[in-house]
Amino acid sequence: MEKSIDYSGSKLTTEKASQILRSEGLDVTSDTSTKHIHTMKAYKFEDLPDILGALYLRIENIERILKDYNKQDKVIDNDLLSINEASILLKLSVATIYSKVCRNEIPVNKQGKRLYFYRTELLNWIKSGRIKTISEIQHEVELSFKSKQSGR
């Protein structure tokens with residue numbers, strides 16, 4: 001079924017808008033290899049309804065791509081990993097992960113004899129081990145010193 005958009009009395013069909021976009025060298029699919037416009041083309045006033053329709057379709061396409069991307073992101077974040085998958089993600093051997101689990105150094109979920117890891121928990125664990133720069137440490141010391149001075 002052809003989608004039709006009405007802009008100021010001018011009917012713009014999806015096909016017409018697609019033709020306009022293709023004539024500009026742009027792709028109307030979700031393909032990531034689209035070209036970018038670097039120069040401004042002179043348009044006639046009569047072309048504005050068609051141009052607006054084409055822009056509307058491009059925005060819809062971008063919104064759809066972003067929604068799909070966000071859905072994929074959420075699925076990836078909540079992935080439950082086996083010890084082998086965790087080993088690949090962390091670039092550590094399985095034996096090293098087992099030893100970290102025994103010393104309670106790594107976030108883990110245990111069900112029976114099996115170990116499971118959440119991707120987000122592992123990534124947050126990695127981030128928590130970040131070493132601060134000298135300027136970050138100096139800034140924290142200055143803030144601490146100022147708060148102690150103002151407390152007196």
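This is a predicted model: local features need pLDDT of at least 70, side-chain atom pairs count only at pLDDT 80 or more; totals for chains, interfaces and linings use all residues.
Residues are numbered from 1 along each chain as its sequence is written, and side-chain values use heavy atoms, with hydrogens and water left out. Local features need pLDDT of at least 70 and side-chain atom pairs count only at pLDDT 80 or more, while totals for chains, interfaces and linings use all residues.

Helix H4 spans residues 94–102, and its buried residues are Ile97, Lys100 and Val101. Helices (H or I, at least four residues) and strands (E, at least two) are DSSP runs, numbered from the N terminus; buried means under 20% relative accessible area, exposed over 50%, and partly exposed in between (1.4 Å probe, protein chains only). Just after H4, Asn104 has a positive phi of about 55°.

The buried residues of H4 pack against helix H3 (83–90), strand E5 (114–118) and helix H5 (119–128). Contact means heavy atoms within 4.5 Å. Lys100 counts as buried because its relative accessibility is 18%.

The table lists contacts, leaving aside neighbours within four places in sequence.

| Residue | Contacts |
|---|---|
| Ile83 | Val94, Ile97, Tyr98, Leu115, Phe117 |
| Lys100 | Leu92, Glu105, Ile106, Trp125 |

The largest nonpolar core has 10 residues in all, including Ile83, Ile97, Val101 and Leu115. H3, H4 and E5 each supply at least two residues of this core, and H3 gives the most, with three. Such a core is a set of buried Ala, Val, Leu, Ile, Met, Phe, Trp, Tyr and Cys residues joined through side-chain atoms within 4.5 Å.
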